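Visitor: Please take a close look at one part of this model, the pairing of charged side chains. I would like to know where the pairs sit and how exposed their members are.

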Amino acid sequence: MPPTPTKLSSGSYRVRWIDQEGKRCSKTFLRKGDADLWASTVTRARQLGELHTLQPSKLTLDQLATQWLDEYGRHLEPGTLRDYQSVINTHVLKRFATTPVAAITVPKIRQWLSAMEKRKVSRDRQRRALKMLRMLLKYGMESEYLTANPASVVKMPKAPMREPVVPLS
């Protein structure tokens, strides 16, 4: 039976459905049009076998980083692995370790970059930290914990200015 919006006594609308694991789920909306749209989204996700993507993952970034390092770390050179771990631990997990990956948003990422700028973290280190976050969230998409990568739309901090080269005469 397809999900249909039900009007509540508060005037809002609730859509109920059962996910792929048989768990009852619901979501409430202020407007009927939004509830109808969500009901259609649930129906379409069920047809495509993608109901699991509708529920936000409770997996934290720390857990995702551990999975990523376990899967990809063994293919990296030891120096590269140490560098990645350093950037992830020092900058990325310092801010997002306990944050569920589904709760990481573009504004939160921008605030994080701004805070690094205020702490006088070098632009090179900021760039590397954002690259690591992008890589981790891309892995989250590939592993179906996320449907989008919010870090991919955040502008990369400008590269540090280099001193001009003065040729010898």
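Guide: A residue is called buried when its relative accessible area is under 20% and exposed when it is over 50%; partly exposed covers what lies in between. The model is a predicted one.

Take Glu142 with that scale in hand. Its relative accessible area is 48%, so Glu142 is partly exposed. The side chain of Glu142 meets that of Lys138 in a salt bridge, with 4.0 Å from N to O. A salt bridge here requires a side-chain nitrogen of Lys or Arg within 4 Å of a carboxyl oxygen of Asp or Glu. Lys138 is also partly exposed, because its relative accessibility is 48%. Both residues belong to helix H5, and because they are four residues apart there, about one helical turn separates Glu142 from Lys138.

Helix H5, which covers residues 123-142, holds a further pair, Asp124 and Arg128. Their side chains form a salt bridge at 3.7 Å, N to O. These two residues are likewise four apart, about one turn of the helix. Asp124 has a relative accessible area of 38% and is therefore partly exposed. For Arg128 the value is 25%, so this residue is partly exposed as well.

Helix H1, residues 32-48, supplies another case. Lys32 and Asp36 are joined by a salt bridge whose closest N and O atoms are 3.2 Å apart. The spacing is again four residues, which means about one helical turn between Asp36 and Lys32 in helix H1. Asp36 is partly exposed because its relative accessible area is 31%; Lys32, at 42%, is partly exposed too.

With a relative accessible area of 46%, Ser40 is partly exposed. Leu30 is 10 residues from Ser40 along the chain, and their C-alpha atoms are separated by 17 Å.

The whole structure contains five salt bridges, including the pairs Asp36–Lys32, Asp124–Arg128 and Glu142–Lys138. The protein chain carries 30 positive and 15 negative side chains, and 8 Å lies between the centres of the two sets. Of the 169 residues, 33% count as buried.

As for the overall fold, the protein chain has five helices and three strands, in the order β-β-β-α-α-α-α-α from the N terminus on. The radius of gyration of the protein chain is 21 Å, whereas a compact globule of 169 residues would have one near 15 Å. The C-alpha trace spans about 80 × 35 × 30 Å along its principal axes. Of the contacts between residues at least 6 apart in sequence, 55% join residues at least 24 apart.

Technical notes. Residues numbered from 1 in each chain as written. Predicted model: local features only at pLDDT ≥ 70, side-chain atom pairs only at ≥ 80, totals over all residues. Heavy atoms only, no water. Buried < 20%, exposed > 50% of the residue type's maximum accessible area, 1.4 Å probe, protein only. Rg over C-alpha atoms; globule rule 2.2 N^0.38 Å. Contact = heavy atoms within 4.5 Å. Lys, Arg positive; Asp, Glu negative; His and termini not counted. Charge placed at Lys NZ, Arg CZ, Asp CG, Glu CD.
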